[in-house]
Amino acid sequence: MPRNDKRPLKGNSLLDFPNDYVVLDIETTGLDPDYDDIIEISAIKCVADEPIDAFSTLIKAPSGVSDFITDFTGITNEMLADAPAISDIFPQFLEFLSDNIIIGHNVNFDVNFLYDTSLKICERPLKNDFVDTMRLSRRMFPDEAHNRLSDLIVRFGIGADVSHRADSDARQTHEVYLHLKSLFQKGGFADALELRRHSSKYLRASDISPDINNLNFDSDIYGKVFCFTGSLSSFTRAAAMQEVVNRGGVCADTVRKDVNYLVIGGNGYKMELENGKSKKWISAEKLMKKGNPISVISENVFLDMLNP
DNA sequence: TCTCCTCGAGATCT
DNA sequence: CTCGAGGAGA
């Protein structure tokens, strides 16, 4: 079910606070798994939230590290000279990781690197599910502008700065996780872990009633029935419906015999061209052939009707 | 109503 | 990558 063409067997992002897991962090030569290499892995195995084992190693980068990465992490080419190659150390890492849930900050970054490396070195995909402390904190602190690891360690009083070394960052990520878990269990974040499918209500034309006292009955819109298809570029569909009813017009959810105008949204028009006409558009043309006077108009024509 | 799809905006990782 | 808005079909 993972709709991930590039990594079809990648695990799922869990919205949960497990007790047993491996919290980890990696350092790399850059941001792109296709072009960059892992130069450090640190992982802490926890049972009942307590560390019981650890794995940490530097890894020799095939093409070395840039000055930027050395400045950013403190990892130099000299430090990597005696480090094991990825092919020598990765099987041990997979054995350490086993089938544990992975925890990390913006953990998709780490999981994607590890997935590709596992496929390349060990010829098997990394299927572990994972918990992202960034995703959790965004849900628990929706009003905060930023939820970087550096923000969270300050917010929770864990530390003043991140070192950008895997071992230290993994430990701080674990502290962040325990703070998030503790806060969640104290309550007040009831819906933070809920799957969010459709937060917005389906808009019904009948829900729109005039929001002004003086209706403009002089408009061409008065007494006419409108239906919309495609998304509008100038305003939301709700706002467009509001303009109609404020002028004494009526809005319909579907194309019916009594519909006078079908408005094709400007943003939707491109999609209509690519995927063909919408169902509403097609049913409007059928009704027109039967002799029902439905006008199919563009968003711009609709705007002209609003503001003659 | 419910489920599934597409799109754009915004944020984070080294 | 995740999320919200929006659309379509059953």
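A: A nonpolar core is a set of buried Ala, Val, Leu, Ile, Met, Phe, Trp, Tyr and Cys residues joined through C-beta atoms within 7 Å. Buried means 20 or more other C-beta atoms within 10 Å of the residue's own, with C-beta atoms placed from the backbone. This is a predicted model: local features need pLDDT of at least 70, side-chain atom pairs count only at pLDDT 80 or more, and totals for chains, interfaces and linings use all residues. Residues are numbered from 1 along each chain as its sequence is written, and chains are lettered from A and ligands numbered from 1 in the order in which they are written.

Q: Which residues have the most contacts inside the largest nonpolar core?

A: In soluble globular proteins, nonpolar side chains tend to be buried together. Here the largest core has 41 residues, and Val22, Val23, Leu24, Ile41, Ile102 and Ile103 have the most contacts inside it. Strand 2 (38-47) is among the elements giving two or more residues. Strand 2 supplies the largest share, six residues. Strands here are DSSP E runs of at least two residues, helices H or I runs of at least four, numbered from the N terminus. Another core, of 22 residues, lies apart and includes Cys227 and Val259.

Q: Which residues are closest to DNA strand B?

A: Near means a C-beta atom, placed from the backbone, within 6 Å. There are 22 residues around DNA strand B, the closest being Glu27, Asn106, His146, Arg148 and Leu149. Strand 1 (21-28) and helix 1 (67-73) each supply at least two residues of that surface.

Technical notes. Buried ≥ 20, exposed ≤ 12 C-beta atoms within 10 Å, placed from the backbone.
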